[in-house]
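Visitor: I have a structure open here and would like to talk through it. Can we go over it bit by bit?

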Amino acid sequence: MKEIYFAGGCFWGMEKLFRAFPGVEAVTAGYANGLSEEYANYHDVCTGLSRFRETVRVIYDADKISLARLVEIFFAVIDPTLFNRQGMDFGSQYQTGIYWTCADDGETIRLLAAEEERKYREFYTELKPLENFFPAEEYHQRYLEKHPDGYCHISQAKIDSLLGL
């Protein structure tokens, strides 16, 4: 199993998105690359002072889904030209990013992101090694399964399209 971390705005939608794909074994909503575990909670993250990004940890079977495909899915649902926001969500916790734990993954991600970046005049998606990650509170895990009418900036139609449905 391999792991990769995606910050794509609100983690509720990113969790729902990646859970839909065969080969993805687990997805955890959480907070990445912030100051310290002390500030890894929704209240502090929402202040914008903790430096955390709402992020999902994706555990996947590389024999069933590739890192390149996961990155492609990510870029299909975010707007990399936005700084500190996605959809109707505003704040530094919603900054987009891809974070890795393996140097080889970093090289792959940088190459894939460079192709994506050429499409835009501005490009703000962070690309860097993971510094830290802390799971979000339990009520954030599988939030959209628990609350099907909850807000999500990623439509079900978009997820279905990416699944080839």
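**Contacts, helices and rings**

Guide: Start with Gln-86: apart from neighbours within four places in sequence, Gln-86 is in contact with Gly-8, Gly-9, Ile-78, Asp-79, Tyr-94, Thr-96 and His-153. Keep in mind that this is a predicted model.

Visitor: Which strand does Gln-86 lie in?

Guide: Gln-86 is in strand E4, residues 85-86.

Visitor: And is Gln-86 buried or exposed?

Guide: Gln-86 has a relative accessible area of 2%, so it counts as buried, the cut-off being under 20%.

Visitor: How far apart are Gln-86 and Lys-16?

Guide: C-alpha to C-alpha, Gln-86 and Lys-16 are 16 Å apart in space, and 70 residues separate them in sequence.

Visitor: Helices next. How many residues of H1 are buried?

Guide: In H1, 7 of the 9 residues are buried, so the helix is largely enclosed by the rest of the structure. The buried ones are Phe-11, Trp-12, Gly-13, Met-14, Glu-15, Leu-17 and Phe-18.

Visitor: What do the buried residues of H1 pack against?

Guide: They pack against strands E1 (2-7), E2 (24-32) and E3, and against helices H3, H5 (143-146) and H6 (156-163).

Visitor: Take H3 from that list. At what angle do H1 and H3 pack?

Guide: Helix H1 (residues 11-19) and helix H3 (residues 67-77) pack at about 140 degrees, and their axes are 11 Å apart. That angle makes H1 oblique to H3, since roughly antiparallel would need an angle over 145 degrees. The crossing of H1 and H3 is right-handed.

Visitor: Which residues meet there?

Guide: From H1 there are Met-14, Leu-17 and Phe-18, and they meet Leu-70, Ile-73, Phe-74 and Val-77 in H3. By type, the residues of this contact of H1 with H3 are 7 nonpolar, no polar and no charged.

Visitor: What about H3 and H4, what is the angle there?

Guide: H3 packs with helix H4 (residues 103-117) at an angle of about 40 degrees, the axes being 10 Å apart. H3 and H4 are therefore oblique to each other. H3 passes H4 in a right-handed crossing.

Visitor: Which residues of H3 and H4 meet?

Guide: On the H3 side, Leu-67, Ala-68, Val-71 and Phe-75 meet Asp-105, Thr-108, Ile-109, Leu-112, Ala-113 and Glu-116 in H4. The residues of the contact of H3 with H4 divide into 7 nonpolar, 1 polar and 2 charged.

Visitor: Change of topic, rings. How many aromatic pairs does the structure hold?

Guide: There are 10 aromatic pairs in the structure. One of them is Phe-52 with Phe-134: the ring centres are 6.0 Å apart and the planes stand at 80 degrees, so the pair is edge-to-face. Phe-52 sits in the loop between helix H2 (42-47) and strand E3 (53-60), while Phe-134 is in strand E8 (residues 133-135), so that the pair links distant parts of the chain, 82 residues apart.

Visitor: Why does that count as edge-to-face?

Guide: Because the planes are at 80 degrees, and angles over 60 count as edge-to-face.

Visitor: Are Phe-52 and Phe-134 buried or exposed?

Guide: Phe-52 is buried, at 0% relative accessible area. Phe-134 also counts as buried, at 17% relative accessibility.

Visitor: Which residues do ring pairs link into a cluster?

Guide: The cluster is made of Phe-6, Phe-18, Phe-74, Phe-75 and Phe-123.

Definitions and conventions. Residues numbered from 1 in each chain as written. Predicted model: local features only at pLDDT ≥ 70, side-chain atom pairs only at ≥ 80, totals over all residues. Heavy atoms only, no water. Phe/Tyr/Trp six-rings, centres within 6.5 Å; stacked < 30°, edge-to-face > 60°. Helix = DSSP H or I, 4+ residues; strand = E, 2+ residues; numbered from the N terminus. Buried < 20%, exposed > 50% of the residue type's maximum accessible area, 1.4 Å probe, protein only. Axes fitted to C-alpha atoms, helices over the stretch in contact; angles between N-to-C directions. Parallel < 35°, antiparallel > 145°, perpendicular 65-115°, else oblique. Left-handed = near helix turned anticlockwise from the far one by under 90°. Contact = heavy atoms within 4.5 Å. Nonpolar A, V, L, I, M, F, W, Y, C, P; charged D, E, K, R; others polar.
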